[in-house]
Amino acid sequence: MEKKNFTVSVYTENNIGLLSRIAAIFLKRHINIESITASKSEVNEVMRFIIVVNVTEEKVIKIVGQIEKQIEVIKAFYHTDEELIYQETALYKIRSADFVEDLNIQDFIKETNARIVTVTPQFFVIEKTGKRQETENLYEKLKPYGLMQFVRSGTIAVSKNEMQISEILEKFNTNTVS
């Protein structure tokens with residue numbers, strides 16, 4: 001089986017220490033987490049972790065099974081990139097002097113659909129939302145111009161197909177309130 005990117009979505013109760021236990025599942029299998037994002041989900045009091053890994057399908061199936069054994073985990077799913085709509089956001093801080101002196105920077109910011117979010121006499125902050133390759137391409141273009149700081153979010157994703165998770169989460173929410 002070939003390795004490829006899988007996105008694991010984990011719906012959980014909001015408990016302290018759960019992220020460490022989930023990360024340990026990957027650590028035990030010597031699997032590097034490419035990206036991780038945590039946020040509230042569409043159901044009140046339920047968190048969603050989005051974890052991107054590059055493994056075989058056989059391994060991701062085992063990982064999802066182990067994650068679901070955690071008491072606080074309500075449900076875990078895995079998807080391929082083709083099954084998802086996904087994005088990342090990146091911020092780039094560059095020196096104002098470098099930006100103002102070279103009008104090419106302004107051109108490729110416009111071409112990449114990035115936007116300037118902050119301007120000071122010392123620096124500009126540029127934001128780019130898109131797929132990882134798009135944020136990487138802008139990084140490579142800005143790097144020669146005095147990139148002062150760079151940060152990228154983890155992947156955020158929703159499935160293209162309907163997931164029955166809302167019904168599962170609503171049942172969970174009803175049971176925990178009762």
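The legends below describe close-up views of a predicted model.

**View 1. The largest nonpolar core of the model**. This core has 18 residues, and those with the most contacts inside it are Val8, Val10, Ile22, Phe26, Ile51, Val53 and Ile67. At least two residues of the core come from each of β1 (4-13), α1 (18-28), β3 (46-55), α2 (57-68) and β4 (73-80). Beyond its neighbours within four places in sequence, Phe26 is in contact with Ile31, Ile33, Ile51, Val53, Ile63 and Ile67. A second, separate core of 14 residues includes Ile109, Ala114, Phe124 and Tyr139.

**View 2. Helix α4 and its buried residues**. In α4 (residues 103-111), Ile105, Phe108 and Ile109 are buried. Seen down the helix axis, the buried residues of α4 fall within an arc of 110 degrees, so they line one face. The face turned away from the buried side carries the exposed residues Leu103, Lys110 and Glu111. Cover for the buried residues of α4 includes β5 (84-95), α3 (96-101), β6 (115-119), β7 (123-130) and α5 (132-142). Just after the helix, Asn113 takes a positive phi of about 60 degrees.

**View 3. Salt bridge between Glu88 and Arg152**. The side chains meet at 3.4 Å, N to O. Glu88 lies in strand β5 and Arg152 in strand β8, so the pair ties together parts that are 64 residues apart in sequence. Glu88 counts as buried at 4% relative accessibility, whereas Arg152 is partly exposed, with a relative accessible area of 23%.

**View 4. Salt bridge between Arg115 and Glu127**. The N to O distance in this pair is 2.5 Å. Arg115 in strand β6 and Glu127 in strand β7 are 12 residues apart, and the pair links distant parts of the chain. Arg115 is partly exposed at 47% relative accessibility; Glu127 is buried, with a relative accessible area of 19%. Elsewhere, salt bridges that share partners join Glu88, Arg132, Glu136 and Arg152 into one network.

**View 5. Salt bridge between Lys75 and Glu68**. The closest N and O atoms of the two residues are 3.4 Å apart. Lys75 counts as partly exposed at 26% relative accessibility, and Glu68 counts as partly exposed at 31%. A search of the whole structure finds 7 salt bridges.

**View 6. A nonpolar patch on the surface**. Leu91, Val117 and Val151 form the patch, with about 210 Å² of accessible area together. Val151 is found in strand β8 (residues 147-152) and counts as partly exposed, at 48% relative accessibility.

Conventions
Residues numbered from 1 in each chain as written. Predicted model: local features only at pLDDT ≥ 70, side-chain atom pairs only at ≥ 80, totals over all residues. Heavy atoms only, no water. Patch = residues over 30% accessible without salt bridge, like charges linked within 9 Å, V, L, I, M, F, W, Y side chains within 5 Å. Areas by Shrake-Rupley, 256 points an atom, 1.4 Å probe, with all protein chains shown as cover. Salt bridge = Lys/Arg side-chain N within 4 Å of Asp/Glu carboxyl O. Helix = DSSP H or I, 4+ residues; strand = E, 2+ residues; numbered from the N terminus. Buried < 20%, exposed > 50% of the residue type's maximum accessible area, 1.4 Å probe, protein only. Core = buried A, V, L, I, M, F, W, Y, C linked by side-chain atoms within 4.5 Å. Contact = heavy atoms within 4.5 Å. Arc of directions from axis to C-beta.
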